Amino acid sequence: MKTLFHFTILLFVCSMSFAQFETNYEERNVPKFSVPDPLTTFAGEKISTSEDWIAQRRPELLKFFENKVYGKVPGNLDEVTFKLLEENKNALNGKARRKQVEVTLTKNEKSIRFTILIYLPKNSTLAPIFLGYNFFGNHSITTDTNVFISEAWAMNSEALSISEHRLTEVSRGLRAHRWAIEKIIDRGFGLATIYYGEIDPDKNDLMDGLQNLFYEKGQERPERNEWGSLAAWAFGYSRALDYFEQDNNIDASKVLVFGHSRLGKAALWAGATDKRFAGVISNNSGCGGAALSKRRFGETINVINTSFPHWFSYNFKNYNNNEEALPVDQHQLLALIAPRPLYVASAKEDEWADPKGEFLSAYHASQIYGLFGKKGISNIEMPEVHKPIHNTIAYHIREGKHDVTDYDWEQYVTWASEFLKLNR
Ligand code: GTR
């Protein structure tokens, strides 16, 4: 079923008089393609051990995704600093400890700042933690009146009463249904979130966010093989992890990077590029996330690069309507996360994100997990709705639309308890 949202995007895209896009929602119209073999190098050499994967295959795949898909980070920051803005040991009706930490990233005498909102189980000394961006400000995920409101540019939203690109008190708590904070805390985990617009505002302007810090004088956009917004958001996830390494209440070796939709794409890329993340959760990440591009089902590379020209590297546009030329596919992005725990989740009505493509990607990544003696997805048939598979690679498809629900969080928390060896 096409949602109104997706239909609107399609209308927008067509009205901009780009090429005509026809969205395929029929399995019989999926083109014939072969899934690029994760175990054969670009030079055609077969590999069969985890050592060869680590030494040979993984680096060349990572390099490809860096240069041709998400884009490279062009250098190092000059400085990263942290400031505890606020702390309360009796938050959420006495259940949790809350911290709000400001992170400042500096390069070439330019800085950007973002704020991490953190809730930790009150009595835990070293908590494992879920880290995920939010779409509409930290204050949108909870009714907690102490959460600061971001001053960064925001996407207007009628549903969340956001206009003139400013976040206000009115949207406090309006996205709370997407964040099962109490469940997370009760099961012994912390939750950290950041407003993604503080890293790079989500519009086709690569002057107003993180990329700008790295520009030479007069430069206005990254090089063709350098980062778009997704890689910038992934970089921001890693800087939050830098902070966790300094916080005595957080177990930085147990950080699960989580994201929904475009932020699920960013979470996958963060997990691929930063091995310190203990695991990754991709919620309905779709095209350019978990879903196989070569299936051309729902959103395609051409559509995503046209609707969101700022998300990927410029080089990725070479594959617009040209998926057959891609020597990789997204299962190899997932394989870059091996052998760390990875959860891919789909929603039945989220056809735009191609649930089957998300599942098949998890299935095909499993052979790399197998090299490490880890269990992925062993059956190529998709499981039924609400029949989750919880292995080192986990997968579920649930009823309903593109969203994050309590059902999703119940699965993540249950699986994470087992795969981070908590058993709480
Ligand atoms: C859609 C986009 C998807 C997905 C989604 C979201 O418009 O086409 O790739 O990222 O946005 O982030 O909600």
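Analyst: The answer below begins with the overall chain, turns to the cavities and a pocket, and ends with a few individual residues.

The model is predicted. Its chain holds 10 helices and 10 strands. Along the principal axes, the C-alpha trace spans about 55 × 50 × 45 Å. A compact globule of 424 residues would have a radius of gyration near 22 Å, and the 20 Å found for this chain agrees with that expectation. Of the 424 residues, 60% count as buried. The contacts give a further view of the fold: among those between residues at least 6 apart in sequence, 69% join residues at least 24 apart. The chain exposes about 17200 Å², of which carbon and sulfur atoms supply 48%.

Rolling a probe the size of a water molecule over the atoms shows where empty space is left. In this structure there are 4 cavities of 30 Å³ or more. The largest cavity has a volume of about 110 Å³. Its lining is formed by Y133, N134, F135, F136, S140, R175, R178, W179, F258, H260, L263 and V404. Two elements, β4 and β6 (250-260), each give two or more residues to this lining. By residue class, the lining of the largest cavity divides into 7 nonpolar, 3 polar and 2 charged residues.

The second largest cavity contains about 70 Å³ of space. It is lined by 13 residues, and those closest to its centre are C287, L292, S293, F297 and E299. The lining of the second largest cavity comprises 7 nonpolar, 3 polar and 3 charged residues.

L292 is placed in the loop between β7 (279-283) and α7 (301-307). Is L292 buried or exposed? L292 counts as buried because its relative accessibility is 4%, and the cut-off for a buried residue is under 20%. Leaving aside neighbours within four places in sequence, L292 is in contact with F33, D329, Q330, H331, D354, G357, L360 and S361. The C-alpha atom of L292 is also separated by 9.8 Å from that of P355, although the two residues are 63 apart along the chain.

Apart from residues up to four places away in sequence, S366 touches G376, I377 and I393.

Which element gives the most to the lining of the second largest pocket? That element is strand β3 (residues 110-121), with 5 residues. The lining of the second largest pocket divides into 10 nonpolar, 6 polar and 5 charged residues.

E109 is placed in the loop between β2 (96-107) and β3, the strand that gives the most residues to the lining of the second largest pocket. E109 has a positive phi of about 60 degrees although it is not a glycine. With a relative accessibility of 82%, E109 counts as exposed, since the cut-off for an exposed residue is over 50%.

S161 likewise has a positive phi, of about 50 degrees, and is not a glycine. This serine lies in the loop between β4 (127-134) and α4 (181-186), and β4 is one of the elements that give two or more residues to the lining of the largest cavity. S161 has a relative accessible area of 41% and is therefore partly exposed.

A further backbone feature concerns a proline. The peptide bond from A338 to P339 is cis, with omega near 0 degrees. P339 has its place in the loop between α8 (330-335) and β8 (342-347).

Terms used. Residues numbered from 1 in each chain as written. Predicted model: local features only at pLDDT ≥ 70, side-chain atom pairs only at ≥ 80, totals over all residues. Heavy atoms only, no water. Helix = DSSP H or I, 4+ residues; strand = E, 2+ residues; numbered from the N terminus. Nonpolar A, V, L, I, M, F, W, Y, C, P; charged D, E, K, R; others polar. Buried < 20%, exposed > 50% of the residue type's maximum accessible area, 1.4 Å probe, protein only. Rg over C-alpha atoms; globule rule 2.2 N^0.38 Å. Contact = heavy atoms within 4.5 Å. Areas by Shrake-Rupley, 256 points an atom, 1.4 Å probe, with all protein chains shown as cover. 1 Å grid on protein atoms, 1.4 Å probe; cavity = no way out; pocket = protein on both sides within 12 Å on 5 of 7 lines; lining within 4 Å. Points joined across faces, edges and corners; volume = space filled by probe spheres on them.
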